[in-house]
Every structure is written in structure tokens, then in C-alpha cells.
Amino acid sequence: MQFHHHGYVSGDPRVQPPAGVGLDRPRDLPDEVDVLIIGTGPAGMITAAQLSQFPGITTRIVERRPGRLPIGQADGIQARSVETFQAFGFAQRITEEAYRIVEMAFWKPDPQDPSRIVRTARPVDDPAGISEFPHLIVNQARVLDYFAEFMKNAPTRMEPDYGFEFVGLEVDDEHQYPVRVTVTRTSGEHEGETRTIRAKYVVGADGARSKVRQAIGCTLEGDKANHAWGVMDAVAVTDFPDIRRKCAIQSGGGGSILLIPREGGHLFRMYVDLGETSPDDDGAVRRTTIDQIIAKANAILSPYTLDVRNVAWHSVYEVGHRLTDRFDDVLPEQVGTRTPRVFITGDACHTHSAKAGPGMNVSMQDGFNLGWKLGHVLEGRSPEELLATYSAERQVVAKNLIEFDKEWSMLMARRPEEFASPSELEDFYVRTAEFPAGFMTQYQPSILVAEAQHQKLATGFPIGKRFKSAPVVRVGDGVPVHLGHHATADGRWRIYVFADRAEPGAASGVADLARWIGSAADSPLAAMPEGIDRDAWFDVKVVYQQDHTQVDIARVPPEFKPAVGPFGLTDYEKVYAADPHADIFDLRGLDRAGVVVVVRPDQYVAHVLPLADTAGLVSFFSPILTASPDRRRGRAFA
């Protein structure tokens, strides 16, 4: 974490100095805003958190509840989400309070006595080491708390506006604030009053029953599996030996349990198989009582017993998979003729079962994808066409997720004798580990993702997939760090320059590239307005092949040591060397002749280029950067 570049900081360095709209942020909801977000679920909060880093943009997030969520239904945190939390500065803290999944036990009927269950396998959770971050279990409410803290400490001093329910909207493109939104107060002394708010953009993050989705004419399409599950968060006394281990349990008498230990050492969640339901039962299964769920759980666990002492929350749901065909308000016949004004995220546009833990995780990636794009367009950095990529990218991801979730849900509901082999369930779990961990997303070529013309130069950084971090050594102080962990959620593009074999300071491709970046009229950095830090829009880092003791930082090109803050201090944390114990060039298949890797603000690899291909960088960034007068506002990163 870097601070003091604006002067000595004696308090919590996570609290950034207020700036822009945060200098005099009105307590009451304004009549006009740049972005209005409906709903404080994971998708809405991460969108707001990202936008809180743009001081010149007025963003407000409204919620119909009177206050924070006390207990959430989602709890599974994929490793990809923890990577994202690192960018928002709270990965370590939430990991400390969470339950960490390191392996999963599979229980099946005892072949000698099918009335009893026995443990048959215990595979590790991440056998391939796809991430240095863990798979966690922590209540959704705590995730929202951390995003709320990040927003409040941001330059804009953003906080949710509780007690407002979305009623409807209209779009009038002739108005400076084209989206007219009607909300109703749901609490407080003005409860029942209706208000109108105008916005440039609206984000509907208001859940599976989204009114924003209805307002833009989208519907969730899909089907139910006609299979019901009871779920409870409980504490109990039991002789089941794996009560503190994630388990898939299948009984000989029919019925299954997915057991997920919760944070705190005692609480656990159980998804209890209630069996198939009739399509015309009029939701009768939803009237299943908690006592019936507990009784069913005991029957499945035999010969073990479960003495439930307290239930924090319980519900009954039927597995369903639904998806909208678009994630914004642009109708199919309007594609290419107008850009979106209204977006939907998370459960508002895709729903699935809870057992693979995709909902909250995919929803947060929706918001992370959208937030920086809105920020760049509103600041004038990028053209409005950038916003069309949100629906194009995320709708495909949701569709692939639903296909995976259907298969997992089907396997979990299958009776033991129906499997083709005794190990089919655990084999599927191990074989597909990368998908539920959140790492199979690969965006296709677009204005934001280049063709893979030079992929062979960096085989470990597939274009369109998330930037997979690796160890390096910071040259300035010799500290071993993870390269990707310094990519904070500040809205900046990352340009990673992996150097050729030449010594720092000698004539080389890296030296030539540095001079071009710093002085060429067509360099992406030349597009920035004057008066802001040189690295305000682009975070340019260099990684040398030599040991850090062989890199003379005084000879490193100044473009990799920019002046920052009002005092023009030198940033020494952009110069790295390969770690001799885990060489990033070997780990990520980087060409020893040097390579440039461009990474988007949401951590996805956008381009891979040879060191000398400055024309390729110009070609890539030209349509992304806008020469708009509005851009003169710029911004100074705290």
C-alpha cells in the first residue's frame, strides 16, 4: 500500500483524501446523478465501490431495506472473488474471518450395508494450484460490509441510501440526464412519499424479481428442475466426523446432502435433498417445515445423528436456471444504432442453484466489469460504445455458468445406483475445479480484447482470461511480492513490460519502448489531460529477467519511475525482477526476447505484443481513448 505522497498520513491509510463530489457530498439523495444503482446486493455494491474511485462522478446506490443486510443467503466465495477482493483491499481481512475450504469429502452408501454411509474420497479443493487465493465461506452480509467500508473511505465518500424502492423509469435521450427514475420511500418520517431522480445511467442490481429488468422489457427465460432442497444455517451436536469439512453425502435410501461449514468454527449450512416435485404442486414443497428438513437430514446421515440446537436461517427452494437474452436496454433491432442507458446485473439477469456457489461470485464480476466502463465513459476517457461490451461479455459468461450448474445440480440429485461409475461425482468435482473457482471466463475479441496474434509470447497469460499473478521481487527494497496483487481497483489500465535480456540502462527493446511511452505523440499516455499524475490512467510496470541485486534502479528508464502527487515524488514500486525461486518468465511462458502484456482495469488480459510493436499498442488503444472535451476534467488519483 502506498501513501504519504500527498504528505504525512498519521491515520488509517485506507481512508483516502476526499476529492471531487466527496468534498461536499450531500446527505440527501440528489435530484440528478450520473449513475443510479438500484440494490445493495453484491453486484450493486461492487459497481458502486468501483465508481467510488472516480471523484468527478456522482454515483448513488439505493436500497429498499431500512439498513444494512443482517444475514445473507449466499456464502461461497470463489478464489477469483478473493482475487477481486485483493484489488479492493480486503482479501486478507475477510480471509481471516472466513472458513477456508481445502478439501471436500464424499460420502456414499456402505457396500456392505447400504443403510449406512461411509466416506469414499477426500480430494483437495484446488489440485492444480489455479490460484494463490483460497476458496472461502463467509456470509454475504460481511462481503457487503467490506464494500461499504471501501466506498466510505473512497474519495467520493459514498454510502448507500437506504429506504428507497424502485418504482419505474423512462428514457428520454434528449435530456442531459436521460433516465427518469421514480422511487418510493419505504422507511423513516417520509415513508410512502414518491420521488423522481434523473440519471445518465441506471444499474438494476435488484435481484431475481428485478423491477428494473421488467422496466426495460427483459424476462428471465429457463426452466425448473422439479427438484426441491431445504437449506439451513444451524449449529448442532453430532457424531458425524466431517461436520467441519465440505461434504457431498449420498444415502442408500435416496436423498443427498451438501454440507458446507461456515465461518466461526461452529455454524454450518446444509442443503438437504427433499426429492422431486410435481410441476403442478402449486409450491406445496415450500411449506416444508424446519423440523421436517432436520428429520430428512438425520435419515440421510444414518448411522450418524444430528441434534440441531439453533437455526439462524432456513428456506426451501426449487432448482431453477434462468437467463435474460440481454443485460441492458438496447433491443436487438437497435444494436449498433444506440448505446445503453440502463443495465441489469447479478440475479436480475441470471439465476441458478446455490450448491455450486456461483450466484454471488458471478454477480460481483458483472459489477466489476460494468463499473470501470461507466467511469471511463463518464469521465470522457472512452467512447460510449464501450458500454455495449458489458452485455456482450457477461451474457455469454452467465450462459456457460448455467450449463455447468445444470450438470452439477443433476449429479447432486442423482441416486447412487444411477451413476455410471462409483466415483463419477467426485471425478466431476475434480475435473471441473477451474470452472466453479471462477477462472474459466475468457472474453472474446472486441474493442477491449485483441486477437491472439502474439499469444505464443506469453502462453501463461491467455488473452481474454484473468491475469494470473506470479511472484516477483521489488527492486527498490528487495521485497518478494505477487505482481498481480498490486493491481488495485482504481480504474487504471495495466501495461506490464517484461524485459529482454539486456542490462537495465543499456540499449535495448525495453529502453526504446520506455522512451516511446514517455514522449511519443501517439503513446496512450499522451491522451491524458494535463494536470494529473503521469500514471493516472495507465499503470506501467517493468519486470527484468535479472536477479534484483543485478538491477541498478538508477539506470532504469524514468518512465518506470514516474513522479506522483503534489510533491512530484518518485514511485519506486513499478520496477521488479524475476524471483530466482519462482521465475515469472518460466511460470507464465514469457518470451525471453521481451513481451508487453496489457491488462484491463477488471484484471483481464487484453493484449499481448512484442516489445517493438508500438504500432500495435496504438491500434489497440485508439478506439478506446476519446478526444472528448469532457476529458479535460481528468482526475487525480489519491
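1. Phe621 touches Trp493, Ile495, Pro524, Phe538 and Val598, leaving aside residues up to four places away in sequence; contact here means heavy atoms within 4.5 Å. The model is a predicted one, in which local features need pLDDT of at least 70 and side-chain atom pairs count only at pLDDT 80 or more, while totals for chains, interfaces and linings use all residues. Residues are numbered from 1 along each chain as its sequence is written, and side-chain values use heavy atoms, with hydrogens and water left out.

2. A second, separate core of 25 residues includes Trp107, Ala297, Ile300 and Leu301. A nonpolar core is a set of buried Ala, Val, Leu, Ile, Met, Phe, Trp, Tyr and Cys residues joined through side-chain atoms within 4.5 Å.

3. The largest nonpolar core has 136 residues, and Phe621 and Trp493 are among those with the most contacts inside it. Helix H7 (residues 359–378) supplies the largest share of this core, 8 residues; helices are DSSP runs of H or I, at least four residues, and strands are runs of E, at least two, numbered from the N terminus.

4. Gln455 lies in the loop between helix H9 (424–431) and strand E19 (471–474). Gln455 counts as buried because its relative accessibility is 17% (buried is under 20% relative accessible area, exposed over 50%, partly exposed in between; 1.4 Å probe, protein chains only). Its contacts beyond four places in sequence are Phe461, Pro462, Ile463 and Val608.

5. The chain has a mean pLDDT of 90, and 95% of its residues reach 70 or more; pLDDT is the predictor's confidence in each residue, from 0 to 100. Over residues 628–638, pLDDT stays under 50.
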